[in-house]
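I opened my notebook beside the viewer to look up a few local features. Here are my entries, in the order I made them.

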Amino acid sequence: MEIPSKYNALSVEKKWYDYWMEHNYFHSTPDEREPYTIVIPPPNVTGVLHMGHMLNNTIQDVLIRRARLLGKNACWVPGTDHASIATEAKVVAKLKAEGIDKNDLSREEFLKHAWDWTEEYGGVILEQLKKLGCSCDWDRTKFTMDDDMSEAVIKVFVDLYNKGLIYRGYRMVNWDPEAKTTLSDEEVEYIEKQGKLYYVNYKVEGSDDTLTIATTRPETILGDSAICINPEDPRHQNLKGKKAIVPICNRVIPIIEDDYVDVEFGTGCLKVTPAHDENDKVLGDKHKLEVIDIFNDDATLNSYGMHYEGQDRFAVRKAIVKELESLGQINKIEDYTNRVGISERTKAIIEPRLSDQWFLKMEDLAKPAIDAVLKNDEVKLFPKKFENTYRHWMENIRDWNISRQLLWGQQIPAYYYGDGKEDFVVAENEEDALKLAREKTNNQQLTTNDLTQDTDALDTWFSSWLWPMSVFDGIRNPENEDIKYYYPTNDLVTGPDILFFWVARMIVAGYEYKDEKPFENVYLTGLVRDKQRRKMSKQLGNSPDALKLIEEYGADGVRVGLLLSSAAGNDLMFDEALCQQGKQFANKIWNAFRLIKGWEVDNNITQPNSSKIAIEWFEAKFQKTIVEIEDHFSKYRLSDALMATYKLIWDDFASWLLEIVKPAYQQPIDKKTLEEVISIFENLLRILHPFMPFLTEEIWQYIEERSPENALIVSRWPEKKPINEQLISEFDFASEVVSGIRNIRKQKNIAFKDAIGFSVVNNENEASTFDEVIAKLGNLESFDYVKEAVDGALTFRVKSNEYFIPMEGSIDVEAEVKKLTEELNYTEGFLKSVQKKLSNERFVNNAPEQVVASEKKKEADALAKIETIKTSLDSFKVN
């Protein structure tokens, strides 16, 4: 086969991915081999490939491809997450653009639109992952809303409810007024926001007195239920037992006493709004205060907002301040920096709100998961530093709010049969619910028409926390062959931002439902940032198009670029230049392959000793690097494993070995050397394959015609052999000698085609193993061991050995002396001018210190240069 002069990544990548798919290399079924399993962190079903996905999935593919080469039964399960809030928001926006209001649709009608959307856009990201080279078992692709996956989620909800771990509670929750749903604490981000602090005067009933409260949210005064003072505050003893009048609505509210109020902070008077602040709710419960909710679910004001009804909370804030000012009830306004909670998904400012929600008790469930990571080392986090984050979250865990006011997601399996809040049963389906309802009410006349299912959906994480089990049907069929073979999985690769959201919860679920860890190791990648350390985002416009990068540099080039910039657990400073470096590496390997295949073979030539010893050295170096690479893999230092492979190929193989063994210009190579070099090259392709799968398979298939069972993807990782450390050490020494010869040739303009003499005073007693290699790479006509220094020769040292290259015949002595003399004269003249300056007292005393220091450095540099030139001229004296 004719080998193309240039490596064409795009045509090669499609060809080999299709070939791998055609021969089913990615598919896994249980057998006698050791399993190696990874479950993909399921991306949002409507997502597209971004740099975080590229990094995360490249790492997973490296691990899975290496496991295949190690002879393991590698299974990488792909899939997507239904992402309830994000997907519902996109469907709502699409409907709005079509003039349809979500609220005008029944649940069934809305879900049809959601499924249409999912079928149109879902799975795009999985197709994009194929372009990156991801070798997932596509036959096992799962979606968190698949029927079997949903059935598992519902089964778990019912089980936890029956165990008394799920309950319904009326609590203060984080309300997202844009998505119109509650959020868990972990779905809220906090930002610093510049705002105002308003000092508002309230009249005291039955007197001309006033009291002043300070608030950042004056719109909420319409929901005030009390004013609270500290009973020990001397400033407010006159307020005890009295009542205050809420401005604008003129509602009379009690002035209560509680030591919760900090005497040292603010005015000492606190407005209590139980419906809109968590701490106020605690105070309200304690003092049995009225709860007045002034907001609708979209954060507009309801009828308690009076003439502001229907207006947005922030518009009301401005308007109410103006009204209070007109009433003379604003005391003063100050600038104030506030810590504000925003929705992780919609970025809307969170509204604290009282709501009936479903909760999962987490304290007892979390205990085995805490022990697994922090005590028993059953689940290992890489890097280890994340154990502190894990400890903080898990030891301060709160009950999980698992209900969402959404339509897209698994509907909560609670069925109401009466008017009361507690008139419900929990069951996996309507038929079971009816049986339970009849038992509970002792009313056999109930029918399914009397049942109403809870309208809330479950939090998306409540389905994805089962992912390592549910993808193998381990919840519905806990004894099936797949779950018994593949669980627990081996490695999980994900970002630290979902360490609690997802990783910790999967560990909790694993111990609850399998009494076993879900995975052995968690490799937490850093976030992908740009060169300025900014997080990549659409808003900043600093996130490159992933597919365009692949088009430009090839998938292998991008994979190398990502991994070279990714130190374990640290943020990745992505630089497109690293993808260019990856592309250049691919070209270097391609050109090395073309060089080897271009050599003509002569079966009658005996292998030169220089080639024999060079191959023995490279084998030793290869074995040593394998040990290093495997150590890096064991510690999830994939960038270091790649760099060790990169250096072995670029430096040791291409720059040294091929230079040593290559035949003279237009001369043939011996058969033994060529076969050994190709064998070495095949081993290099094996260890490089996980990082650069396409290039390596292409070259592997060009080396010789292979059957499908001999494809590189299912080849075997090279065997470990004893390492000849002495040979490696001797070569390192020899390579310094070669570099010394090359430097002198370069400095003295001695053409490589001109053979030169060479002598050594061997004080180091270094072995002569590589003398023939040195002679070939240095083009030496002779290689003599001498007892004393050679006069009139160019010289250099390696450790205590001194090497000599005779000048006669090597260089034009007369021209060299002339050149050195001219350089000496110029440098001496320059030195005089500098010394003249430094001998001038006025200059030394008046010039800035750094200027004088600079002149002194010039003097020292000139003196050193003169000494060097004179030494070089002395070596010509014999002539």
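**Aromatic rings**

I began with the ring cluster: Y7, W590, F593, W617, F618, F653, W656, F681, Y702, F731 and F770 are linked by ring pairs. For this, rings of Phe, Tyr and Trp (its six-membered ring) pair if their centres lie within 6.5 Å; planes under 30 degrees apart are stacked, over 60 edge-to-face, and the rest tilted.

Before going on, I noted what I was looking at. This is a predicted model, in which local features need pLDDT of at least 70 and side-chain atom pairs count only at pLDDT 80 or more, while totals for chains, interfaces and linings use all residues. Residues are numbered from 1 along each chain as its sequence is written, and side-chain values use heavy atoms, with hydrogens and water left out.

How many aromatic pairs does the rule give? I got 45 aromatic pairs. One of them is F157 with F462, edge-to-face because the ring centres are 6.3 Å apart and the planes stand at 70°. This pair links distant parts of the chain, with F157 in helix α6 (residues 147-162) and F462 in helix α12 (residues 461-464), 305 residues apart. Helices here are DSSP runs (H or I, at least four residues), strands likewise (E, at least two), numbered from the N terminus. F157 and F462 are both buried, where buried means under 20% relative accessible area, exposed over 50%, and partly exposed in between (1.4 Å probe, protein chains only). I then checked F585 and Y646, a tilted pair at 4.3 Å centre to centre with 35° between the planes.

**Helix α16**

I looked at α16 (residues 546-564) next, whose end C-alpha atoms are only 17 Å apart, whereas a straight helix of 19 residues would span 27 Å at 1.5 Å a residue. The expected span is 1.5 Å times one less than the number of residues. I found a kink of about 105° in α16, centred on Y553; the bend is the angle between axes fitted to the seven residues ending there and the seven starting there. Of the 19 residues of α16, 15 are buried, so the helix is largely enclosed by the rest of the structure.

**Around I59**

Is I59 buried or exposed? I59 counts as buried, at 0% relative accessibility, and sits in helix α2 (residues 51-69). Beyond its neighbours within four places in sequence, I59 is in contact (heavy atoms within 4.5 Å) with V493, Y523, T525, L563 and L638. I also noted that I59 and Y636 are 577 residues apart in sequence but 9.4 Å apart in space, C-alpha to C-alpha.

**Cysteines**

I counted 0 disulfides, taking a disulfide as a pair of cysteine sulfur atoms within 2.5 Å. C75 is in none, and the nearest cysteine sulfur, that of C136, is 9.7 Å away. C75 is buried, with a relative accessible area of 0%.

Most residues other than glycine have a negative phi, and most peptide bonds are trans. I found a cis bond from F382 to P383, with omega near -5°, and another joining Y487 and P488, with omega about 0°. P488 lies in the loop between α14 (481-486) and β22 (489-494). I248 has a positive phi, near 75°, and so does D473, near 55°. I248 is buried at a relative accessible area of 12%, and D473 counts as buried at 18%.
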